[in-house]
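Colleague: I'm new to this one and could use a close look at the backbone. Could you walk me through the spots that stand out?

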Amino acid sequence: RQSIQQMYDLTRYLEHQLHTLAATYLNYLGPPFNEPDFDPPRIIGAKAVPSATVDIQEWHSLNDNARLAANYQAYSYLLRYLRTMDRATPAALPTLHHSLAHFSASLQGLLGSIGGIMASLGYSLPTPEPSVVPQIDPPTFLRKMDDFWLLKELQTWLWRSAKDFNRLRKRVPPSAVMLHLESRGF
Amino acid sequence: AQRPSQQETHIHYAQLGTDVTLLCGSVDQDAAVTWTANSTDLDASHLNGSRLVLRNVDLSHSGQYTCYEGPSWHVKYRVNLRVGLPPKEPIVMCRSNNYPNGFYCSWHLPSPTYINDTFNITVVHDSKEIVCKKEMPPKNRCYIQFLQVFSTKKYKVTLTASNPLGSSSTTISFDEFAIVKPDPPENVVAKPVPNNARRLLVSWQYPSSWPDPDSFPLKFFLRYRPLIIDQWQHVELSDGTSHIITDAYAGKEYIIQVAAKDNDIGTWSDWSVAVHATPWTEEPKHLTTEAQGAETTTASTSAFVVPPTTRLSDSDVTDR
């Protein structure tokens with residue numbers, strides 16, 4: 001039983017996990033990326049990363065379907081990018097590898113959870129945009145900038161998702177999720 | 001000497017600790033003049049020809065200086081001397097206590113300048129300048145409305161303090177989520193739980209300044225201790241606005257406070273106003289003649305009477 005509460009709890013868990021992972025990864029990237037006031041421009045690859053930023057009135061007006069779809073689309077991209085980060089990380093850093101792999105697996109779980117809830121509420125899954133995900137190439141400064149922005153967006157999306165899913169769990173009673181599953185022959 | 005008509009007053013600013021030379025308007029260097037400071041005559045030792053020289057000025061030198069030109073001794077020139085300091089680097093702090101509506105920035109100077117200062121603030125986000133609505137002086141504060149939420153771009157705030165003796169500025173940059181700090185919870189109430197000598201029911205409300213509890217729920221932090229002990233006990237609560245303390249010392253008065261924080265971001269609020277409460281204690285029985293007889297027998301046999309343990313009925317608030 002895919003409950004919205006579990007999805008919300010997983011989001012909070014990922015939020016917590018990412019704090020540690022982001023700090024470790026940025027330290028791996030080294031200065032200036034691990035400096036608190038680092039505020040680079042957002043260029044090339046980083047522009048492709050879906051932004052969690054939204055006009056406040058627009059966010060309030062989003063319905064449940066639109067909220068879930070925006071989250072699903074964002075994490076589809078973020079997860080693909082995260083996997084390239086994992087593959088690009090030197091083998092000599094097993095701990096970082098493990099953290100990235102563990103986090104990616106959990107994020108995959110969240111993506112599946114969002115998809116499950118959307119299906120159970122009768123919403124169709126958004127088709128992932130064919131956006132360009134940077135290939136694995138040597139850690140140039142620009143690639144590091146992309147990684148920096150990816151982590152920042154991921155952190156912000158998890159923060160936004162926690163609000164979205166918290167709102168959802170209050171609005172959608174568990175029974176609504178069950179009824180829809182049964183009506184679709186699950 | 002006779003002091004004739006009014007004259008326009010000029011203003012002259014001077015930095016604390018410096019030497020100041022005041023000119024008597026446009027009169028010649030060697031014209032015959034006298035000077036007063038706040039209507040008190042100044043002796044000739046301060047004069048360098050028609051100029052008034054004040055050494056190593058301090059705040060007491062501030063005031064109105066008037067120059068009279070002979071031989072008619074009419075008022076030739078009036079100057080208001082203001083002694084002070086240029087502003088040091090101002091301190092600016094920004095905070096959102098009503099997220100996601102907006103945030104305010106407030107500022108102050110680390111030390112006084114003794115003269116009037118003006119402040120100019122600019123707020124830039126995502127390369128766009130945003131209006132910061134200033135509050136009426138003397139409040140050094142302005143308010144910025146959030147147009148977007150969940151932003152990954154930092155806000156950059158630059159504050160410039162200036163006065164006639166100089167200027168200084170400070171720039172801070174921060175992420176939206178870093179400045180969220182709610183106001184303390186309100187209407188904190190603590191009550192004993194009837195028939196429970198070790199329980200206290202504490203309830204509170206969201207700060208009224210927090211605009212959207214549904215979308216942006218707060219979690220709470222409760223701290224409590226008996227008045228006689230300094231060590232606080234803490235409990236964090238992610239849902240709801242009440243809690244039952246179940247391990248209170250029987251009969252001891254407690255002090256209780258609550259703090260709040262957004263579930264995901266920002267920092268804890270300040271502690272709420274403290275409230276006091278004492279757990280329920282059994283009413284002493286009324287000593288009637290009958291009861292007294294029975295009581296005397298009981299009192300002589302058991303020195304310590306355990307309060308009756310009453311099973312809480314379902315309707316009572318229980319701590320699962």
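Modeller: Let's start with S127(B), which is exposed, at 74% relative accessibility (exposed means over 50% relative accessible area, buried under 20% and partly exposed in between, using a 1.4 Å probe and protein chains only). Before going on: this is a predicted model, where local features need pLDDT of at least 70 and side-chain atom pairs count only at pLDDT 80 or more, while totals for chains, interfaces and linings use all residues. Residues are numbered from 1 along each chain as its sequence is written, chains are lettered from A and ligands numbered from 1 in the order in which they are written, and side-chain values use heavy atoms, with hydrogens and water left out.

Back to S127(B): its phi is near 65°, a positive value in a residue other than glycine. You'll find S127(B) in the loop between strand 11 (118–125) and strand 12 (128–130) of chain B; helices (H or I, at least four residues) and strands (E, at least two) are DSSP runs, numbered from the N terminus. W73(B) also has a positive phi, near 50°. That residue sits in the loop between strand 7 (63–69) and strand 8 (74–84) of chain B, and W73(B) is partly exposed, with a relative accessible area of 26%.

Why point these out? Most residues other than glycine have a negative phi, and most peptide bonds are trans.

Now for the peptide bonds. From Y99(B) to P100(B) the bond is cis, with omega near 5°, and P100(B) falls in the loop between strand 9 (91–95) and strand 10 (102–108) of chain B. Over in chain A, the bond from P31(A) to P32(A) is cis, with omega near 0°. P32(A) belongs to the loop between helix 1 (4–29) and helix 2 (45–48) of chain A.
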